[in-house]
Amino acid sequence: MKKLIGLAIFIGLIVLLYSTCPEKKDHTEALSDSVSQIISDQVPGVDVNTLSSIPGFEGVLQFVGENMVDVDNYFLFSLGKMDLGGEQQVVSLGICGHVFTFNDKIVKEGASLYEKASTTFKDMF
């Protein structure tokens, strides 16, 4: 009987993790929030609400997130990765319907690389 209860709990846990695994959109939103927080921390007098009120700011963050973030879905959890100089770095973990972002240094570096690439591309034309 104990084995049956244990098996039921295990199967329930697997179903819960599978049904609440975050998608790419969730990772993009979490990383956009993280970038907004990083910017507001580094620019005196600017908070997250001020940034979100700037016309087009949210669209730029969403565009960057969609183009720089790759999400590997492992069915029970998902990992958000950014390509930094040809090397994939894990920047977020999605599990149980929530996305945890970590390593702000990598997110800052990714935003910096994207900004440099955009500037170089604009200069070419």
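This section describes the strand sheet, the nonpolar core and the salt bridges of a predicted model. Local features require pLDDT of at least 70 and side-chain atom pairs count only at pLDDT 80 or more, whereas totals for chains, interfaces and linings use all residues. Residues are numbered from 1 along each chain as its sequence is written, and side-chain values use heavy atoms, with hydrogens and water left out.

Helices and strands were taken as DSSP runs (H or I, at least four residues, for helices; E, at least two, for strands), numbered from the N terminus. Four strands form an open sheet in the order β1-β2-β3-β4, with antiparallel pairing; two strands pair if DSSP finds at least two bridges between them. From one strand to the next, the twist averages 30°. Strand β3 (residues 87-95) and β4 run antiparallel and are joined by four bridges. I95 has H98 in β4 as its bridge partner. Helix α4 packs on the sheet and touches β1 and β2, and its direction makes about 55° with that of β1. Such angles run from 0 to 180 degrees between N-to-C directions, with axes fitted as lines to C-alpha atoms, for helices over the stretch in contact.

The largest nonpolar core comprises seven residues, namely L31, V64, M68, V69, M82, L84 and V91. A nonpolar core is a set of buried Ala, Val, Leu, Ile, Met, Phe, Trp, Tyr and Cys residues joined through side-chain atoms within 4.5 Å. Two or more residues of this core come from each of α4 (57-68) and β2.

K81 lies in strand β2 (residues 78-84). K81 is buried, at 17% relative accessible area (buried means under 20%, exposed over 50%, partly exposed in between, with a 1.4 Å probe and protein chains only). Not counting residues up to four places away in sequence, K81 touches M68, V69, D70, D72, Y74, Q88, Q89, V90 and V91, contact meaning heavy atoms within 4.5 Å.

The structure holds two salt bridges (a side-chain nitrogen of Lys or Arg within 4 Å of a carboxyl oxygen of Asp or Glu). K81 forms one with D72, with the closest N and O atoms 2.9 Å apart. D72 is partly exposed, at 26% relative accessible area. D26 forms a salt bridge with K25, with the closest N and O atoms 4.0 Å apart. Here D26 is partly exposed at 26%, and K25 is exposed at 52%.
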